[in-house]
Amino acid sequence: MTESALDYSRYFWQDEKVRLRPLRIEDAEQSFVDSLDSPSRQFLQLGIELPTSTELQRSILEKYVGCKDTDGIIVFAIESLEGFQAGGISLHSRDEKNGLFSFGIIIGRDHRRNGYAEEAVRILLRYGFWERRYQKCNSACADTNEGSIALHKKIGFVEEGRRRRALFFNGQYHDEILFGMTREEFDSRERGCSSTTQDMQ
């Protein structure tokens with residue numbers, strides 16, 4: 001049976017538009033294409049890297065293939081239900097003692113404004129809150145990243161403050177906006193919002 005023929009109807013890592021899957025070596029080509037979008041890398045606080053290649057991207061991805069927990073980071077590919085890779089999302093900054101975690105996300109330029117980022121983050125939040133028992137998700141973005149700010153607010157994150165002049169890119173310093181969401185805040189928005197949630201009640 002081919003992977004595309006599998007029944008994903010009750011798959012935890014899937015919603016109405018996207019599913020999260022482990023990274024594969026063959027994702028290196030798309031990762032290389034995404035690395036050419038320099039403004040997006042700046043907004044994501046990744047910085048401008050030296051010129052790279054598919055081969056170099058492959059060597060980087062090898063550390064994270066198969067959802068390997070590498071230096072406290074687990075990376076997933078974001079795949080549309082039609083089967084194309086739309087981006088990637090990571091689970092990181094996990095603090096078991098205090099019950100905290102965070103995420104990072106990138107959507108390819110050709111796939112933005114389709115709701116993929118919102119669904120991918122909500123899937124990861126369900127895992128963090130409902131499977132790993134974390135009590136709060138912390139996140140942050142540059143003050144110029146209007147798309148990320150809008151995404152956080154749409155999902156229900158609360159703006160908790162900002163670190164002034166915490167980021168430097170494109171020759172200027174920028175503030176870092178801090179966001180947070182508690183388990184209770186997530187529950188109040190998520191309950192009744194999806195069939196996955198209804199199945200879990």
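In the predicted model, strands β4 and β5 pair in the parallel sense through two bridges.

Helix α5 (residues 146–155) has as its buried residues Ser148, Ile149, Leu151, His152 and Ile155. Because these residues cover an arc of only 160 degrees around the axis, they lie on the same side of α5. This arrangement accords with the geometry of an α-helix, in which residues three or four places apart point the same way because there are 3.6 residues a turn. The exposed residues Glu146, Gly147 and Lys154 are carried on the face of α5 turned away from its buried side. The cover over the buried residues of α5 includes the strands β4 (100–107), β5 (136–142) and β7 (172–182), together with the helices α4 (116–131) and α6 (183–190). Gly156, which follows α5, has a positive phi, near 115 degrees.

The structure holds 14 salt bridges. One of these joins the side chains of Arg122 and Asp15 (3.8 Å, N to O). The pair links distant parts of the chain, with Arg122 in helix α4 and Asp15 in the segment before β1 (18–22), 107 residues apart. Both Arg122 and Asp15 are buried, and they belong to a network of salt bridges that links Asp15, Arg122, Arg126 and Glu190.

A salt bridge is likewise formed by the side chains of Asp27 and Arg21 (3.0 Å, N to O). Asp27 counts as buried at 5% relative accessibility, as does Arg21 at 6%. The side chains of Glu160 and Lys136 meet in a further salt bridge (3.1 Å, N to O). Since Glu160 lies in strand β6 (residues 158–169) and Lys136 in strand β5, this pair ties together parts that are 24 residues apart in sequence. Glu160 is partly exposed, with a relative accessible area of 46%, whereas Lys136 is buried, with a relative accessible area of 17%.

Terms used
Residues numbered from 1 in each chain as written. Predicted model: local features only at pLDDT ≥ 70, side-chain atom pairs only at ≥ 80, totals over all residues. Heavy atoms only, no water. Buried < 20%, exposed > 50% of the residue type's maximum accessible area, 1.4 Å probe, protein only. Helix = DSSP H or I, 4+ residues; strand = E, 2+ residues; numbered from the N terminus. Arc of directions from axis to C-beta. Contact = heavy atoms within 4.5 Å. Pairing = 2+ DSSP bridges. Salt bridge = Lys/Arg side-chain N within 4 Å of Asp/Glu carboxyl O.
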